[in-house]
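I opened this notebook to record what I looked up in one structure. The entries follow the order in which I consulted it.

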Amino acid sequence: MTAGARGRRRRQCAGPRLSPGRGGQDAVMQDPTPELTEESRAAASAEGGGASCLQRVFEEVQGSSQLSAAPAEPPAVTVVAVERYLAQAPPAAPHQYWYDVTLADGARRHRCHLAPRLNGLVQRARLRAGTRLRLTRCSYRYDEKRLNRGFLCLEGLERAGGTATAAAGTLPDGHRPLQPLRGDNRHYLPLWNNEDPYGDVWVPDRPPAQVDVDVSKLTNLGHLEMTWRSRVHFHPLLVRILHKSRLRYYGKPEKKMDMPYQAYFEVADGSGMMSMVLWNSLCPEWYHSMKVGTVLLLDKYTIKTSYPFKTHPTPGDSQMKRFATIEISLNVRDPPTEISIIPEEMVKPEWGLPEVKYRFITRSELDDLPNNHSCDVIGLVTFVGRAERARKREHSEDFWLYRWAHAIDGTSDQPFRLELFATSQPDVFEHIHPMTYLVCTQMRVIQDLTENPSRTVYLTTSNESQIFITGWHKGQPYTKDAKVKNFIQWTKSQSEADQIKKTVIGGYYPFPRPPDSFLKYCKNNEVESILKPIGEIGKEIEDLHYREHKRIAVQGIISAIRYISCRDAAEEAPGGELVQQDTSQSLGSSSASKEDCVDKGKNEEVKSFLGPPCTPGEHQHQALLSKGSSVKRKTPRRFSRDAEQGGTSVSPVSSYPYFTRTVRRKLGLGEYQHGHSVQDKSGQAVSDSLRYYTDQEGVSDIPETEETARTCDSWQSDLWAQVKDKLMNYFHHSKIFPESIPCKFDYVHKDLLMQQYNLHAAVHQPTEARTDKNINEFKSANGLGYYEVTVLGINHDIAIDVAFLPLFCPDNPHLFQLEDIQNDTLLSCMSCISARQQKATSSGRLRDTFPLSDEIVKAAKELDGKHVICILDICHLGDDKVEVFLSKIYKTVEPGVLDPV
């Protein structure tokens, strides 16, 4: 093949391109270690051998004097796994974690290291297990501290077509390597948080030991508390685990430790209760086996002074004595602790070990409990939200993983609202779905009745919480509890068909609502700077990681509102997704400032990986706009209408600032008529919900009246009409994605729904498709559409479009309660009107109703020109999808005085 032919073939097959590494650093493909040689042979045997594209890349790199190359024919490969581990670099290194990527080409599988400058691809879920890539640039690095040790480093990638197949699955058991490629790490971390156990190093369950317990040689916790200072060696202990904490990972790049893990337990005998700490390498070996209720025989342990700032669970038995000054320490050395699990059937009553007791409450009792009260709950899940993440510290790469759930127990028409953080039980956390029986222990009550008596109470997990779902209840001590038995009796009286109608899964969940006053919002927020300049929103969004949720406050002026039905949104977005076209490029002023392209250089690789910024059709529209751009125009005017299916399709043109009559003809839009309709080729009137920006040729004879400023589904202020074409920056973030919409739960397709609303898995695990159903096809659980709200900066030079999603479920009115925003006039009006539309649909008169009611317009006009504070919920959904929802509006009455709207 000639060089020209290779170049043509490369251009034809190449997809969106990541920029190459600096300084000509290229790539290679082989690991000379015996471990990877054996791995490759195993993979080849599993997949039937054959020519390997990865092997050819390696040979090309081997011929390079710089141990780097950009393959002339970038091979297409499948990402089998993306795995994370702690970086070991100088203290000033910018990256806290590294990533290894396992690739498969149909004949071989190889682990490669991802160049740290490309970490953002993983952190924003653009590079994930199951995706198809082409390797455009690679390098090879030898480990200079070891003999015959090196790894392939991925420097340049581009997205390839096709889908991952079962052949790209994981290696057979025993063949997957456990040790990361780079540094001295001996284990991988979970991909999205640090609290969950991950990998084969974590032993599932150790069998109970057949041990003869000599009671005469035992000591007890009370005796230890009195004598520990005068002893070096201690007699064996026989204790029962009453509480168990989540794992704590305390690894740092500057510290070298094999297994920097820690887990707390509360153990008890007849004399009282004491903390026990499992350290380091003992955590992978014993953490799964040490369950609440397990009886342990301990020997060769140490006693230390308790850590003063640790959390303490609330014991089920309030009379039990707690020894809080010391704790039992279990280590792998100095001395090596001996641990034995005693089978429950061998436990004798004369040992005096206490039973595990709980503090279960019913939903009818919850509202009377004080803030921070500890309790246990059981309920039938009616709603479970998507998994989201919250950054632990500003600018940190560490995140808390959490999700929301609702559960009912039959004692109240209100559900338990549960904020569930990951409890080091990933197999449970990822499989919570509606219609399962959920048990949560050591939950904390969150409510502040003094400042806001009507605020809905909710429960959140603590460090010692455990969660269990159907399939995990057998053998748990709580099954003996009276309230648990009462709940089971209630479920037997319920109709499963009736209950499943009320179930919802996933979507944006705006809870807890912001406080009623901005001063209280500031008090509850730990960030020093509460208010963000509206021009920095782009930077805030750029810095988000995958499924990271953040709440920010900006000052602005409510300037325009537009209602968008789900059907209109689907028409505006290709592929049926509930999104609008991104208008950030076409509507930006020529004098746009640097914020329009935040960190452009830093994310050059990311943008090229994602593909062209617009489709061929969009290129055509842009070319037409460019062609007529020299025509002089007056201030454009903005209109909106309801879209209907007509004889010809109406192109979505909301992305473009204006259209001349010539351009409209070329796009098939027809002439704009004063009667607020567009005539299609068959003569039928086609209403248009998409925004039309028209010039003087089309509407110069129409006076600027209230009718032009407000149509049936939009409103804009006089100020907005004056400044919208003179903005320095205009950010468009009113997109709605399938992941944003709560869905009615479908038990037949529960696996697909759980996969949609969980995080992307670290390892690709292809399963046989039971359905071809797309996530867009599931029935929405909320209203008929959403609102686009335009917020103008208080300096009148920057604006942002955000979304407001009215959440109302007619089958389950307690899921999204309207009273949650009753102190916010404008948002409350928009939610109430959407709730009324639910009734209009049943009468078949949906299109006769005006989504933007007089109440909404009145509420908007009350804010016209006034400075307000907008609370925005932002969340990164992976790839380039970021949702920005308006959650609360505060009104500033005068400088320094802040009141709710």
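**Entry 1: Ser245**

I began with the neighbours of Ser245: leaving aside residues up to four places away in sequence, Ser245 touches Ala263, Tyr264, Tyr287, Asn463 and Glu464, where contact means heavy atoms within 4.5 Å. I noted that the model is predicted, that local features need pLDDT of at least 70 and side-chain atom pairs pLDDT 80 or more, while totals for chains, interfaces and linings use all residues. Residues are numbered from 1 along each chain as its sequence is written, and side-chain values use heavy atoms, without hydrogens and water.

I located Ser245 in the loop between β7 (237-244) and β8 (248-249); helices (H or I, at least four residues) and strands (E, at least two) are DSSP runs, numbered from the N terminus. Is Ser245 buried or exposed? Ser245 counts as buried because its relative accessibility is 3%, and buried means under 20% relative accessible area, exposed over 50%, partly exposed in between (1.4 Å probe, protein chains only). I also found that the side chain of Ser245 reaches the backbone nitrogen of Tyr264 at 2.8 Å.

**Entry 2: Helix α20**

I then listed the buried residues of helix α20 (residues 750-757), which are Lys750, Leu753, Met754, Gln756 and Tyr757. They lie on the same side of α20 because they cover an arc of only 160° around the axis; the arc is that of the directions from the helix axis to the C-beta atoms. Their cover includes β17 (399-408), β22 (504-505) and β32 (743-744).

**Entry 3: The nonpolar core**

I looked up the largest nonpolar core, which has 69 residues. Such a core is a set of buried Ala, Val, Leu, Ile, Met, Phe, Trp, Tyr and Cys residues joined through side-chain atoms within 4.5 Å. Leu103 is among the residues with the most contacts inside this core. Beyond four places in sequence, Leu103 touches residues including Leu54, Val77, Leu135 and Leu154.

**Entry 4: The whole protein and its confidence**

I recorded 22 helices and 37 strands in the protein. Of its 901 residues, 56% are buried.

The mean pLDDT of the protein is 76, and 68% of its residues reach 70 or more. Where is confidence lowest? It is lowest in strand β28 (residues 692-694), at a mean of 30, and highest in strand β21 (residues 467-468), at 98.

How values were computed:
A polar contact is a pair of N or O atoms within 3.5 Å; within protein, one must be able to donate a hydrogen and the other to accept it, and residues adjacent in sequence count only if both atoms are side-chain atoms. pLDDT is the predictor's confidence in each residue, from 0 to 100.
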